[in-house]
Amino acid sequence: KDPDINPGFVQEYAQNYTDKSILVKKGDRYRFIDGNDLYTFDEEDMYYYYYYGQEPTPTGFDGESQITAAVDFCNKDVLPKMYALTGHGEVTVADSFKDSISKQNIDFEEISLITMEAVPEDADIILIDSPLSDISENEKDMLTEYMNNGGNIILLTDVVQNGEKLTNLESLIASYGIYLKTGFVCDGDSSHYAFGTPYYLLPELASHDITSVIADNGYYVLLAL
């Protein structure tokens, strides 16, 4: 649709639009993609754009993934739902992660089970990201029932600096044969250390089309464990 010829149609879906904007629609479901969001830009270029009005140069094209996600969205009646557990010092979910799962048409919401009676029925995935303190006995029971009914949990753990025991959380995952161990994964070869630290590793890059650009330009791959 040409917005100059069909202004009413465009305003029905987007009050603000730019050149090359895309609308994907099926029935009552639609997704509007702003033309500026079809491309990726260097952060430094965007700084000069916002503060000095200097037009940025695109560094990549992100339109394919966004259009694919929009088509997928319009063909789904209900989107999967991910809840991120809060209330135990969990890591704040990065915006880049939220953007990534949004492109996969997964709804995201933070949740605290402390004052609830059960895990929400629309929860397809519960994300538990590096809690610093233990879940309560009641939360463990709710999550156990959720898993017994076919639920899914993504659990990411980190070293608990204060040495606090995560008794209830460990009990929850132990029933699936998963156990938390105290310590670090280290490389015994000091030539693979970065910054003199055994858990910041510099792996050797084997010859491959994907890694050749990295190796030929003298770059390293850093794995922080």
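A nonpolar core is a set of buried Ala, Val, Leu, Ile, Met, Phe, Trp, Tyr and Cys residues joined through side-chain atoms within 4.5 Å. In this predicted model, the largest such core holds 17 residues, and Leu113, Val119, Ile126 and Leu143 are the members that touch the most others. Two or more residues are given to this core by each of S5, S7, H5 and helix H6 (167-174). The largest share comes from H5, with 4 residues. In soluble globular proteins, nonpolar side chains tend to be buried together.

The salt bridges in the model come to 5 in total. One of them joins Lys76 and Asp72, whose closest N and O atoms are 3.2 Å apart. Lys76 has a relative accessibility of 27% and counts as partly exposed. Asp72 is likewise partly exposed, at 30%.

A further salt bridge is formed by the side chains of Lys81 and Asp122, at 3.7 Å from N to O. Lys81 belongs to strand S5 (residues 81-85), while Asp122 lies in the loop between strand S6 (107-111) and strand S7 (125-129), so the pair ties together parts that are 41 residues apart in sequence. Lys81 is buried, its relative accessible area being 13%. Asp122, by contrast, is partly exposed, with a value of 39%. Lys81 and Asp122 also belong to a network with Glu109, joined by salt bridges that share partners.

Two arrangements of paired strands are described next. Strand S1 (residues 22-26) pairs with strand S2 (residues 29-33) in the antiparallel sense, over 5 bridges. Ile22 has Ile33 in S2 as its bridge partner. The two strands form a hairpin with 2 residues between them, and Gly27 in the turn has a positive phi of about 60°.

Strand S10 (residues 197-201) is joined to S11 by 2 bridges, and the two run antiparallel. Tyr200 has Ala224 in S11 as its bridge partner.

The pockets of the model were also examined. Rolling a probe the size of a water molecule over the atoms shows where empty space is left. The largest pocket has a volume of about 460 Å³. Its lining is made up of 14 residues, among which Asp158, Val159, Leu180, Lys181 and Thr182 lie nearest the centre of the pocket. By residue class, the lining comprises 5 nonpolar, 4 polar and 5 charged residues.

Key
Residues numbered from 1 in each chain as written. Predicted model: local features only at pLDDT ≥ 70, side-chain atom pairs only at ≥ 80, totals over all residues. Heavy atoms only, no water. 1 Å grid on protein atoms, 1.4 Å probe; cavity = no way out; pocket = protein on both sides within 12 Å on 5 of 7 lines; lining within 4 Å. Points joined across faces, edges and corners; volume = space filled by probe spheres on them. Nonpolar A, V, L, I, M, F, W, Y, C, P; charged D, E, K, R; others polar. Pairing = 2+ DSSP bridges. Salt bridge = Lys/Arg side-chain N within 4 Å of Asp/Glu carboxyl O. Buried < 20%, exposed > 50% of the residue type's maximum accessible area, 1.4 Å probe, protein only.
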